[in-house]
Amino acid sequence: MSPTDTLHRQLEVMRPLLVRFAQLQIRNQALAEDAVQDALIAVLEKPDRFNGQSSLRTYVTGILKFKIIDCLRASLRERQIDTAEDQSEDDAIDALFKPDGHTVEQPMAWGDPDATLEQKDFFKVLEICLEKLPAKTARIFMMREWLELETDEICKELAITTSNAWVLLYRARMRLRECLDLNWFGNRQAT
């Protein structure tokens with residue numbers, strides 16, 4: 001059996017679990033199926049990106065998380081127009097506007113662009129701080145905080161004890177705190 005056939009078979013077995021995971025997040029069967037399909041296609045299109053540093057399930061779940069986030073963002077941008085039985089879609093759209101062309105409902109506030117930019121900058125600094133951590137320490141931190149894996153799963157994946165995992169997480173948090181204090185919060189207090 002070729003490596004590609006093996007990958008196809010593993011993804012086939014994993015698919016029902018991924019769909020359940022996506023449904024818990026999206027709460028829509030069709031959209032969950034689409035997100036899983038997109039994640040599986042991403043893996044199949046570039047199988048060489050999976051280098052075996054984590055389990056295939058962890059790798060695919062990580063990709064799926066981004067697909068779910070994209071799906072949730074898209075659903076927030078799109079708004080379904082509800083029509084009554086005797087109302088056409090054009091009439092429903094016309095009902096959204098006043099005779100003078102202004103909208104009946106005011107659009108939602110877009111938020112503070114400066115705060116959004118600051119948040120993006122914060123994540124850039126956090127990423128730099130993570131890169132400064134030892135590889136294993138950064139990996140366990142991301143598995144716990146980003147992938148939200150349970151400690152038992154992490155220990156099994158990395159072949160470490162629970163106490164070792166907690167020590168590594170403690171060290172990661174302390175070093176990240178120190179790095180962020182120096183590179184983010186310290187700079188913000190100076191400005």
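Predicted model: local features only at pLDDT ≥ 70, side-chain atom pairs only at ≥ 80, totals over all residues.
Trp146 is partly exposed, with a relative accessible area of 38%; partly exposed lies between buried (under 20% relative accessible area) and exposed (over 50%), computed with a 1.4 Å probe and protein chains only. Residues are numbered from 1 along each chain as its sequence is written, and side-chain values use heavy atoms, with hydrogens and water left out.

Trp146 sits in the loop between α6 (135-145) and α7. Patches consist of residues with over 30% relative accessible area and no salt bridge, where nonpolar side chains (Val, Leu, Ile, Met, Phe, Trp, Tyr) are joined within 5 Å and like charges within 9 Å. Accessible areas come from the Shrake-Rupley method with a 1.4 Å probe, and for residues only the protein chains shown count as cover.

**Two salt bridges**

A salt bridge is a side-chain nitrogen of Lys or Arg within 4 Å of a carboxyl oxygen of Asp or Glu; by this rule there are 2 salt bridges.

Select Glu145 and Arg173 next. Their closest N and O atoms are 2.5 Å apart, and the two form a salt bridge. Glu145 belongs to helix α6 and Arg173 to helix α8, so the pair ties together parts that are 28 residues apart in sequence. Helices are DSSP runs (H or I, at least four residues), and strands are such runs too (E, at least two), numbered from the N terminus.

Now select Glu33 and Arg15, a salt bridge whose closest N and O atoms are 2.8 Å apart. Because Glu33 lies in helix α2 (residues 29-45) and Arg15 in helix α1 (residues 3-26), this pair ties together parts that are 18 residues apart in sequence.

**The negative patch**

Select Glu85, Asp86, Glu89, Asp90, Asp91 and Asp94, which form a negative surface patch. For charges, Asp and Glu count as negative and Lys and Arg as positive, while His and the chain ends are not counted; the place of a charge is CG of Asp, CD of Glu, NZ of Lys or CZ of Arg. Glu89 is located in helix α4 (residues 89-94) and is exposed, at a relative accessible area of 55%.

**The whole protein**

Finally, show everything: the protein has 8 helices and 0 strands.
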